[in-house]
Amino acid sequence: MSKSPIKRSSPIETRRIAIALGALVFALGAPFAYVAQRVFERARSGPTDPLLVVFDLHTSFYWRASTAAWWGVVLAIAAYAFAAQPSASTLRHRLTRTLGIVALPLAFALGLAMWRMP
Amino acid sequence: MIWRVLESVHGHFGVLAAIALLHPAILLRRGLPLSRGARWSIGLTTLVTALAFGFGVGIYEHYRETAKRAIFVESQTIGFLFETKEHLGFAVMALALGAGIAALVAPPSAVGVRRACALTYAAAAMLCAVVVALGTLVASTQGF
């Protein structure tokens with residue numbers, strides 16, 4: 001008997017578990033992406049100057065959060081594609097297709113919005 | 001006046017979210033299938049957390065224009081603590097949203113997923129308590 005906490009019995013159940021795992025990956029991935037962006041900003045600009053913080057645009061937080069959420073979605077899609085796949089042979093195809101359908105339009109929309117509302 | 005009210009509503013939703021996030025963390029800790037009440041609890045917790053975050057985002061621009069400078073003049077430490085609060089607020093929202101979707105979607109057999117959700121909710125509740133504490137400290141220094 002398997003000791004795995006996840007028992008898979010039907011394709012629908014497997015799909016629901018994969019979506020749930022994707023959501024959990026988003027929960028962890030988005031904050032890590034946010035932290036990565038902050039680390040990059042700090043590495044680029046050096047120690048934080050209070051004057052720069054005061055004059056910082058309010059939109060920088062919005063875009064940082066949006067970009068982190070986008071990375072979270074990308075990671076969630078990858079986790080979903082990995083967990084929902086019964087065989088490894090079609091994993092790459094499913095991953096590419098799902099990323100193309102969801103993540104690319106999201107990235108395009110994000111880029112367009114950043115251009116229009118800097 | 002309206003910004004002061006919105007700031008207060010944001011703060012109250014934040015306190016409510018910190019408490020509400022504990023409930024699913026306790027409910028899901030054994031990984032048992034969700035009851036109707038547990039589904040309501042998860043849904044409402046996600047909603048309250050989203051409202052707290054949404055109100056914060058909504059008043060952020062006005063805060064930056066009117067209060068941020070005064071906070072940094074009063075104390076740089078408090079000013080930077082607000083920046084920390086802002087970062088942690090995003091983490092709380094992401095954790096609560098991800099755990100909420102995972103818990104609602106997971107089938108009855110996915111015990112491990114619900115246990116992971118409980119841990120995620122516990123982390124979100126802890127971070128939210130920190131956010132509330134920092135928010136209270138900042139608001140007591142300088143509000144709208």
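How many of the 144 residues of chain B, as a percentage, count as buried? In this predicted model, 43% of them do. A residue is called buried if 20 or more other C-beta atoms lie within 10 Å of its own, exposed if 12 or fewer, and partly exposed in between, with C-beta atoms placed from the backbone. For chain A, buried residues make up 25% of its 118 residues.

A word on conventions. Residues are numbered from 1 along each chain as its sequence is written, and chains are lettered from A and ligands numbered from 1 in the order in which they are written. Because the model is predicted, local features need pLDDT of at least 70 and side-chain atom pairs count only at pLDDT 80 or more, while totals for chains, interfaces and linings use all residues.

I begin with the two chains. Chain B has 6 helices and 0 strands, and chain A has 4 helices and 0 strands. Helices (H or I, at least four residues) and strands (E, at least two) are DSSP runs, numbered from the N terminus. The C-alpha atoms of chain B fill a box of roughly 55 × 25 × 20 Å along the principal axes. Of the contacts in chain B with a separation of 6 or more, 85% join residues 24 or more positions apart; for chain A the figure is 79%. Two residues are in contact if their C-beta atoms, placed from the backbone, lie within 7 Å.

Next, a helix pair within chain B. The axes of α1(B), residues 2-20, and α3(B), residues 36-66, come within 8 Å and cross at roughly 150 degrees. That makes α1(B) roughly antiparallel to α3(B), a term for angles over 145 degrees, where under 35 is roughly parallel, 65 to 115 roughly perpendicular and the rest oblique. Axes are lines fitted to C-alpha atoms, for helices over the stretch in contact, and angles run from 0 to 180 degrees between N-to-C directions. Among the residues of α1(B) that meet α3(B) are Trp3(B), Leu6(B) and Phe13(B), and the α3(B) side includes Leu44(B), Phe55(B) and Ile59(B). The residues of this contact divide into 13 nonpolar, 7 polar and 1 charged. Here Ala, Val, Leu, Ile, Met, Phe, Trp, Tyr, Cys and Pro count as nonpolar, Asp, Glu, Lys and Arg as charged, and the others, Gly among them, as polar.

I turn to the interface. Which element gives the most to the side of chain B that touches chain A? In total, 30 residues of chain B are in contact with 26 residues of chain A, and α5(B) gives the most to the chain B side, with 15 residues. That side divides into 17 nonpolar, 7 polar and 6 charged residues. From chain A, Pro31(A), found in helix α1(A), residues 11-45, touches Phe90(B), Ala91(B), Ala94(B) and Leu95(B), not counting residues up to four places away in sequence. Pro31(A) is buried, with 23 other C-beta atoms within 10 Å.
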